[in-house]
Amino acid sequence: MNTHMGSTGGCQCGQVRYRLSDAPKALYVCHCLHCQKQSSSAFGMSMWVHRDAVEFTSGKLSFWSTRGDSGAEKICAFCDTCGTRIYHATDDGMDILSIKAGSLDDSTWLRPTCHLWIKRKQAWLRVNPDHDTCYDTEPPSDEELMRQWTAARTQAGAKRAQCSDMSGKD
Ligand SMILES: [Zn+2]
Ligand SMILES: [Zn+2]
């Protein structure tokens with residue numbers, strides 16, 4: 001199973017660079033208006049990685065803070081030169097950085113497990129509720145996001161193992 005340890009990423013101008021030494025804990029899309037504004041686009045994509053597993057290898061980050069709908073302070077880190085948002089962090093004791101997943105060098109493997117704030121989704125965007133868990137607003141807990149991600153990765157791993165078993169029988 002490819003855990004995507006060792007994935008690298010960075011900002012648009014290339015000065016800020018990072019490397020991940022552990023697999024993501026969750027990956028989801030958020031359609032809330034904060035995320036639309038933050039990304040200057042249709043939605044935000046968040047990939048949770050343990051703080052200790054993110055190594056910044058070059059560049060200078062700047063920080064800005066805001067309060068989410070929960071009232072908790074959210075620290076937003078962005079490239080000092082080009083302004084690309086790199087991660088968000090909340091002081092909730094989880095020690096998780098929410099990496100903005102579009103900053104990865106290789107995004108071909110990304111497959112979010114759920115959509116948050118569907119009620120704010122831009123109308124043109126089609127989401128398949130048979131495939132993806134959709135929440136009107138926030139999910140019931142952070143743990144649920146992590147459970148979904150782990151379950152989806154385990155299923156994908158099991159499917160790949162099955163396929164290679166079958167090809168082994170030919
Ligand atoms: Zn930059
Ligand atoms: Zn959001």
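A: Two residues count as in contact if their C-beta atoms, placed from the backbone, lie within 7 Å. Bear in mind that this is a predicted model, where local features need pLDDT of at least 70, side-chain atom pairs count only at pLDDT 80 or more, and totals for chains, interfaces and linings use all residues. Residues are numbered from 1 along each chain as its sequence is written, while chains are lettered from A and ligands numbered from 1 in the order in which they are written.

Let's start with Cys-30: leaving out residues up to four places away in sequence, Cys-30 touches Cys-35, Phe-43, Gly-44, Ser-46, Leu-116 and Trp-117.

Now the core itself. A nonpolar core is a set of buried Ala, Val, Leu, Ile, Met, Phe, Trp, Tyr and Cys residues joined through C-beta atoms within 7 Å. Buried means 20 or more other C-beta atoms within 10 Å of a residue's own, with C-beta atoms placed from the backbone. The largest such core has 28 residues, and those touching the most other members are Ala-26, Tyr-28, Cys-30, Val-49, Ile-86, Ile-99 and Leu-116. Two or more residues each come from β3 (26-30), β4 (44-50), β7 (73-79), β8 (85-90), β9 (96-100), β10 (114-116) and α2 (142-169); helices (H or I, at least four residues) and strands (E, at least two) are DSSP runs, numbered from the N terminus. The top contributor is β3, with five residues.

Zooming out, the protein chain has two helices and eleven strands, in the order β-β-β-α-β-β-β-β-β-β-β-β-α from the N terminus. Buried residues come to 26% of its 170 residues.

Methods: Buried ≥ 20, exposed ≤ 12 C-beta atoms within 10 Å, placed from the backbone.
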